[in-house]
Amino acid sequence: MSNLFRKVWNFRETSPLSFRMLGYILVCSSLFTLFATGIQVYADYRKDVSLVDQRMNLIETSYQSSLARSLWSLDQKLLRVQMQGILNLPDIVHLHLQIYPDSEIEMGEIPPRIPTIKHKIKLQHSSDDLYELGELTITASLDDIYRQLRQRIFVIMTTQAFKTFFISVLILWIFQYLVTRHLSKMANYARGLNIHQLDTPLALDRSYKSSQPPDELQRVTDAINEMRLTLLNDIEKQKQDAAEIRKLSLAIEQSPSSVLICDKRWKITYANQKFSQLTGHNLNSIIGKHPKTLTHISPDESQNEQLWHNIEIQVERAGMWQGEMHSTRHGGEKFWEQVVITPIRDTDGESSQYLILGEDISVRKRYEQQLLRQANYDLLTGLPNRMLALDRLKLALAQSRRDKSQVGLMFLDLDNFKHINDTLGHDNGDTLLIEASRRIASSLRGNSTVARLGGDEFLIILPSLESPEDSELVAARILQAFSSPFLLNNQEIFVSTSIGIAIYPTDSENSSTLLQQADAAMYQAKHKGKSAYHRFTPDLNQQSRERLKLETQLRKAIEQDELLLYYQPIVETANGQLVGAEALIRWDNPLLGLVAPDKFIPLAEETGLITSIGEWVLHTACRDVKKWHEDTGLKLTIAVNVSPRQFRDVKFIDTVMKALEVNDLAGEYLELEITERLLLDDSIETFEILHKLDAMGVKLSVDDFGTGYSALSYLKSYPFDSLKIDRSFVKDVNTEAEDAALVTAIITMAHSLGLKVIGEGVEDVAQMQFLRAKGCDYAQGYYYNRPVAESDFCNWISENRRAYAT
Ligand SMILES: Nc1nc2c(ncn2[C@@H]2O[C@H](COP(=O)(O)O[C@H]3[C@@H](O)[C@H](n4cnc5c(=O)[nH]c(N)nc54)O[C@@H]3COP(=O)(O)O)[C@@H](O)[C@H]2O)c(=O)[nH]1
């Protein structure tokens, strides 16, 4: 028994579902059996009871009249025989005859505690009247009926129980065969499933045709197998992602740029090796900090805050911020960094992290600042140079326009400087210029500007003048400052100065006119006998008139065929190989003689004549170089200067295209030289024009590099092929260490940006050798040849194809 119980218990443990199903079947089937049996037994009971009733009715019909007759005749003996006859009938256990009025006969007995039913029969005699004689009560026992019912219940219950049990076992077996064993297999499969066993699919141990519609088990199996494949794919993808991430993290870790990663609240979460090397910051010391704590914009902390606030806004809006900023190293030392900040977006497109790439640009910045200083300041005196002075003049005029104030412009020239320079030597000349600058500067108020225009010429800007006479007071102060002698070469030398004054807006509202007027006034002061100042007066407009005359003649120059091109060779520094030439314009005027471009190009720019002059230059240069290709077989490049106004002309691109087409010249043989100043505005138009030219195959070169903006950063954004180092730097490469360092740095940096370098103004072999030693690609200058007319240039080619290879 205990064995059976254990088996049942085991079954319950191992197949709880089957066990539960068995329980449900048994309970439901038993309830149903009970209910059906109950109905059947009740029906049988009703039938048996009705049989007893029928029997009673039969007794009534059979015995009623005979009993009534026996009672009427008072035949007791017969009465008892009749009653005994009734009592002998099945189930009748007791008779009670009530004889009216007061006697009775009783036969049989009612056994205790057994169910009975009674039946009453009225006994009557009818002749003329109806006589009530008595009443017979028959009691029938139901005990037999109940016994039979019990037997029947027993039989039904027993057979039903057996039937239920066997059917349940059968159902259980079928369920086990069809379902449970497969579920167990699935469970075992799922239990044993791991990433190493995903290759084996789940297969049930049964024959199943794929044409059959899938049953529930098949659907679960298919779902598990699909899940297995999905997992396989996911794992494969995960592996690829992990490999990709390993590769990227290695790239970031070993990146030559410093890398910081911040979370979405701009807290640093990662820094690569380069960052630690560059800044000396330990990763642990910066984790969780905002990157703004590593930058230093100004001592005013709010500016730093404001910058980072703007950066965060721009990164969100534009998807990137890039710029240069002052960062701090661990010890507090500051350095310049080129920074690019981009968001790292999650799959919903939300910024979840930020990537900050940094590059130490301190060296470049130093050179840029040096170049900027050289471009804007006079190295000898430290005063602003012409370019900066003109900028400041424009600013002062703009300010005065707003303030409705006046600006004084002074042109100042030292008297007899050339003579002193020639007799006492350049060093003393330089000392004089430095001391003169100091004296001029000390005579001015804080917001005034004194600039050295070159040689012994100075320009003074006096902004916010209350009256023109104030400028005369300043001029008098300057003359006074020159009244004491200069100590030159241990000698006391008296040097005076002449000052010309023009006033904005009284004399002119235009800066270049003001300059001309101040210049004319200065000449007037010199005429007065030097050591004097002179205010501009309209009668000094002679120069302006001359300028007008020049303009009129220049307008006719093209049609009268007075323009011509000179060519200067450009050679490869390493081997002296001729690679091209620069076209330089000349104006051969019957009255003025051969006019150099410096004298008329600025005027042409101002008047707009440069557009037609430039077009002529382009066509002529393309025509000539094509001819050289055909005559010499040398594929030379022609470099053509382009002025800012010409460059911005709407027809410029068409003009270039036409010059190439008409002369059947490929774009690669034309090089356009553009000055840095042209790029200063950093406009989208400039960007587009340069890219269009680049797309045409035309070569682009930055001319006079070092004299303008001198920021190497812009070169990255434009499609330049080369840059030309200005001749002012080349001149002293072998005598001035600073120039040598600068030229070397320009070459290195240009090469790092993929640009070729041309050194211009090479006048001697030492300069050429310096450039060649520093890897400068090409050179141009008097050392090779001066600019010459086309026919002379052709002769030069045939004589000097490879003349300078030493
Ligand atoms: N828009 C245009 N501008 C032009 C054009 N032609 C010339 N120019 C510009 O005029 C500037 C002066 O030119 P130029 O007087 O011809 O002087 C050039 C050379 O003669 C001179 N040079 C060449 N080698 C040496 C040298 O060894 N020493 C020395 N002292 N000077 C030398 O340099 C001038 C060339 O300069 P660059 O153009 O920068 O190469 C001139 O700057 C032009 O910009 C024109 O057609 N259109």
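Visitor: Which helix is the place of Leu31?
Guide: This is a predicted model, by the way. Helix 2 covers residues 16-72. Leu31 has its place in helix 2.

Visitor: Is Leu31 buried or exposed?
Guide: The cut-off for exposed is over 50% relative accessible area. Leu31 comes in at 53%, so Leu31 counts as exposed.

Visitor: Which residues form the nonpolar patch on the surface?
Guide: Helix 2 and helix 4 (143-192) each supply at least two of its residues. Together the patch residues show about 420 Å² of accessible area. The names are Val27, Leu31, Leu34, Ile153 and Met157.

Visitor: And which helix gives the most to the nonpolar patch?
Guide: Two helices, helix 2 and helix 4, each bring at least two residues. With three residues, the top contributor is helix 2.

Visitor: Over to the open sheet of five strands: what is the order?
Guide: The pairing is mixed. Strand 11 (449-454) and strand 16 (533-535) are the edge strands, each pairing on one side only. On average, neighbouring strands are turned by 20 degrees against each other, direction ignored. Reading across, the order is 11-12-10-15-16.

Visitor: Which residue of strand 12 does Leu409 stand opposite?
Guide: Strand 10 (residues 406-414) and strand 12 (residues 457-465) pair in the antiparallel sense over seven bridges. In strand 12, the residue opposite Leu409 is Ile461.

Visitor: At what angle does helix 13 run to strand 15?
Guide: Helix 13 (residues 468-481) lies across strand 10, strand 12, strand 15 (497-504) and strand 16. Relative to strand 15, helix 13 runs at about 165 degrees.

Methods
Residues are numbered from 1 along each chain as its sequence is written. This is a predicted model: local features need pLDDT of at least 70, side-chain atom pairs count only at pLDDT 80 or more; totals for chains, interfaces and linings use all residues. Side-chain values use heavy atoms; hydrogens and water are left out. Patches are made of residues with over 30% relative accessible area and no salt bridge: like charges are joined within 9 Å, nonpolar side chains (Val, Leu, Ile, Met, Phe, Trp, Tyr) within 5 Å. Accessible areas come from the Shrake-Rupley method with a 1.4 Å probe; for residues, only the protein chains shown count as cover. A salt bridge is a side-chain nitrogen of Lys or Arg within 4 Å of a carboxyl oxygen of Asp or Glu. Helices (H or I, at least four residues) and strands (E, at least two) are DSSP runs, numbered from the N terminus. Buried means under 20% relative accessible area, exposed over 50%, partly exposed in between (1.4 Å probe, protein chains only). Two strands pair if DSSP finds at least two bridges between them. Axes are lines fitted to C-alpha atoms, for helices over the stretch in contact, and angles run from 0 to 180 degrees between N-to-C directions. Contact means heavy atoms within 4.5 Å.
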